[in-house]
Amino acid sequence: MKNAIRLIEAKGANDVTVLSSQDPKSNNLPQMLDLPQAKGLKDDLIRLLAEGAVVLDAGAVERMSTPSAQVLLAAGRAADAAGLEFQIVNASEVFQTALADLGLQAEFKNWVI
């Protein structure tokens, strides 16, 4: 794993995979990105960043909390620092509104396609 990827925390027995994919080039974010999903999301993103470029499909997101937005922000920054591609495609209206409500639109402008 690249040194620039610093989202790392020990993985425990209760960790849950949050991302799903039918397309090997894209990973689908779940409908709910609340506090309970944040740790699983972080673990999934650490794994994906260690493999290379990351493309996330946010089309199904119906709810997003601050912790999940923070995890996505940290992943995007880690990808940038490591020189990796990080994209969020098909962002739902709820996803975009959550970023706006949190004042994070500028932070995500290079990643949300």
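**Confidence, sheet and helix packing**

Tutor: This is a predicted model. The mean pLDDT of the protein chain is 84, and 78% of its residues reach 70 or more.

Student: Which are the edge strands of the open sheet of three strands?

Tutor: The sheet is open, with parallel pairing and the strand order β1-β3-β5. An edge strand here pairs on one side only. The edge strands are therefore β1 (27-28) and β5 (86-89).

Student: Which residue in β3 stands opposite N28?

Tutor: β1 pairs with strand β3 (residues 54-57) in the parallel sense, over two bridges. Opposite N28 stands D57.

Student: Are helices α1 and α2 roughly parallel or roughly antiparallel to each other?

Tutor: The axes of α1 (residues 35-51) and α2 (residues 66-82) come within 8 Å and cross at roughly 15°. Angles under 35 degrees count as roughly parallel. The two helices, α1 and α2, are therefore roughly parallel.

Student: How many nonpolar residues has the contact of α1 with α2?

Tutor: From α1, L35, A38, L41, K42, L45 and L49 meet P67, S68, V71, L72, A75, A78 and A79 in α2. By class, this contact has one polar residue and one charged residue, and its nonpolar residues number 11.

Note on methods:
Residues numbered from 1 in each chain as written. Predicted model: local features only at pLDDT ≥ 70, side-chain atom pairs only at ≥ 80, totals over all residues. Heavy atoms only, no water. pLDDT = per-residue confidence, 0-100. Helix = DSSP H or I, 4+ residues; strand = E, 2+ residues; numbered from the N terminus. Axes fitted to C-alpha atoms, helices over the stretch in contact; angles between N-to-C directions. Parallel < 35°, antiparallel > 145°, perpendicular 65-115°, else oblique. Contact = heavy atoms within 4.5 Å. Nonpolar A, V, L, I, M, F, W, Y, C, P; charged D, E, K, R; others polar.
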